[in-house]
Amino acid sequence: MLALFVVLRANPGDAHEETSQVERWTRSLVSAGLTASSVKREALGGGLAHYTWKVRVGTGKYDVIGVHRVVREARPWIPARSSRAVFLVHGDLWGFAPAFLTNTCVSTMPEDRSLAAFLASQDVDVWGLDLRWVGVPEEEMDFEFMAAWSIQTHAKDVGTGLALADVVRRLSGNGGNDRMFLMGWSRGATIGYAYLDAESQRPRALRRVDGFVPMDMPVRFGPDAAQQQEWACARYELLNADRTMGRKEGGLLGPAPGIPVRQLGLAAAKDPNGLSLLAPGFVEQPKPTNRQLAVIAAGDTATLLRPFKLQPIVPGYHLAGSVPDASGLPVKTAFTPEPTLFDYLQLAVPYQSFNEVVETEAQLCGLDVPFDDHLQDVKVPVLYVGAAGGVGRYGEYSTRLLGSTDVTRLIVRSRPEGERAQDFGHADLFLARDARVRVWQPILQWLRAH
C-alpha cells in the first residue's frame, strides 16, 4: 500500500498501470491454482526491475516460498518481451538475492555486478526462488515444521515457481519459441537434478525446462573419486545418526549454520584487527584476527568442518580463492574483494531444513534415493559450470548420468588441478572481480545458442 501511495503521488497514470498489471497477474495466478501475495517491485536502474511474490505451498506457518523476477522493463510495471528465461535455485545459507543479486544487498559491490542483473541487462528474463527455510525468522526455536521438508519438497517448490513464471510470462506476450532454462548452484543443483528427474516422467507438453545449468555440485561421484565417496558416506553416517535422534534443522556446520557465518562476516567488517573470539576449534594458535579468520574460513573452508570431524565434499574445497602464507594458511583473498566477502557472509540466513543435507550425502555416498531414478530420461541441453577450487571437475561425472547428448562443461580455472586449494572458489563464481567475463558471459553465450 505504501508503494502504491508513493506512485499515486508521483504519477497517477503509472499508478493506474501498476494496479491494472497487478490485477491481471493476480487473476491469472488464481486461475492457475497459485496462492501468491501481491507483487512487489524494486527499480534497479538501467531499466531493470526486481519483482517478488510470496507463494503459499502448504498449510504450515512457513510453507511459503519467495519467487523473484529480474527483468528489463519497457516502462515501469511492463516487463519487456524476451525469448530466453532462466530460473535460478540457490544453495545453502544464501537465498536468491544474496546469491544472485548480491549488489542490491551490499554497498561494496558495483550496481551492475551480479549474475541476475547482468543476464537481465542482456535481455534474459531472470527468475528464481527462496526455498522455504529462507523465510524462517531467527527467533524461531521449534523446528518440528521442517520434519517433512526434503529434496523432493524443494523440487516441487521449483515446479511451483516455474508455473508462476510461465503464467506471468504468457501474460507479457512471451510464448511460442521462448525457452526456459533451469540453473542450480551448489545444493540448488542437487534440487535441479531432482526436479528434472521427476519432470522427465511427464508428457513432453507438460514439461517446463528447455535446458539445465548445474553449477559446482555433483550428485554422484565417478569411479575416479572413490575417496570423495567414502568421505560422503562418513558424513552421511554422522548426520543420519543426528536425524535419527530427532534433529530437524541444521547443516554441515551444525544447528543454525548461518549464525556463525554471519558472526564471522560481522566481526571481520566491524573489528578486522581484533583477536577473534570465534577461533577456538577452527584454527590452531596463534589466535587469528577477525579478518584473518574470515579469510581462512572462505579460503580453506574445511577449517569450519574440523570441529565436527567432517571432511569437505572434495579436496581443497573453498568458497573464495586465496593467497597462502608460508604455512599454507590463507592470508588474503585472490579473486573476491575482502569487503564484499565480509558483507556476503553477513547475509547468511540462520536456519536450514536438515533432511536435504542428509539426503544429499546419501546420494553422494552412492545409496539409493528416490529422486534420481530417471536421470537417463533427462535429455535437455546441459551446461556444467564448475569452480576449479570448489567442486570443479568432480561435478562433471554427474552430467554423464543424464540422457542428454548436448553437454558443455566449463571449469573456471587459474591454476593446475594440483593447486586447487588456491584456485577460483565456489562463491567466486558470483563475487569475483572478473566473474562477469569468466563465468557469466560464457553462460549468456550458451543460453543464446540454445
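Trainee: Why does Ser-186 count as buried?
Mentor: Buried means under 20% relative accessible area, exposed over 50%, and partly exposed in between (1.4 Å probe, protein chains only). Ser-186 has 11% relative accessibility, so Ser-186 counts as buried. Before we go on, this is a predicted model: local features need pLDDT of at least 70, side-chain atom pairs count only at pLDDT 80 or more, and totals for chains, interfaces and linings use all residues. Residues are numbered from 1 along each chain as its sequence is written, and side-chain values use heavy atoms, with hydrogens and water left out.

Trainee: What is the phi of Ser-186?
Mentor: Phi is positive there, about 60°, although Ser-186 is not a glycine. Ser-186 sits in the loop between strand E8 (179–185) and helix H6 (187–199). Helices (H or I, at least four residues) and strands (E, at least two) are DSSP runs, numbered from the N terminus.

Trainee: Is Lys-309 buried or exposed?
Mentor: The relative accessible area of Lys-309 is 71%, so Lys-309 is exposed. Lys-309 also has a positive phi, near 60°, and is a residue other than glycine. Its place is the loop between helix H10 (302–305) and strand E10 (322–324).

Trainee: What makes Cys-233 and Cys-365 a disulfide?
Mentor: A disulfide is a pair of cysteine sulfur atoms within 2.5 Å. The sulfur atoms of Cys-233 and Cys-365 are 1.9 Å apart, and the two form a disulfide. The structure holds one disulfide. Cys-233 lies in helix H7 (residues 226–244) and Cys-365 in helix H12 (residues 355–365), so the pair, 132 residues apart, links distant parts of the chain.

Trainee: Why is this disulfide called right-handed?
Mentor: The torsion about the S-S bond of Cys-233 and Cys-365 is about 95°, so the disulfide is right-handed.

Trainee: How do you know that Cys-233 is buried?
Mentor: Its relative accessible area is 19%, so Cys-233 is buried. Cys-365, at 9%, counts as buried too. Cys-105 has 31% and is therefore partly exposed.

Trainee: Which residues have the most contacts inside the largest nonpolar core?
Mentor: A nonpolar core is a set of buried Ala, Val, Leu, Ile, Met, Phe, Trp, Tyr and Cys residues joined through side-chain atoms within 4.5 Å. The largest has 64 residues, and those with the most contacts inside it are Trp-94, Val-126, Met-215 and Leu-429. Helix H15 (residues 435–449) gives the most to this core, with seven residues. A second, separate core of 61 residues includes Trp-127, Met-180, Tyr-236 and Leu-375.
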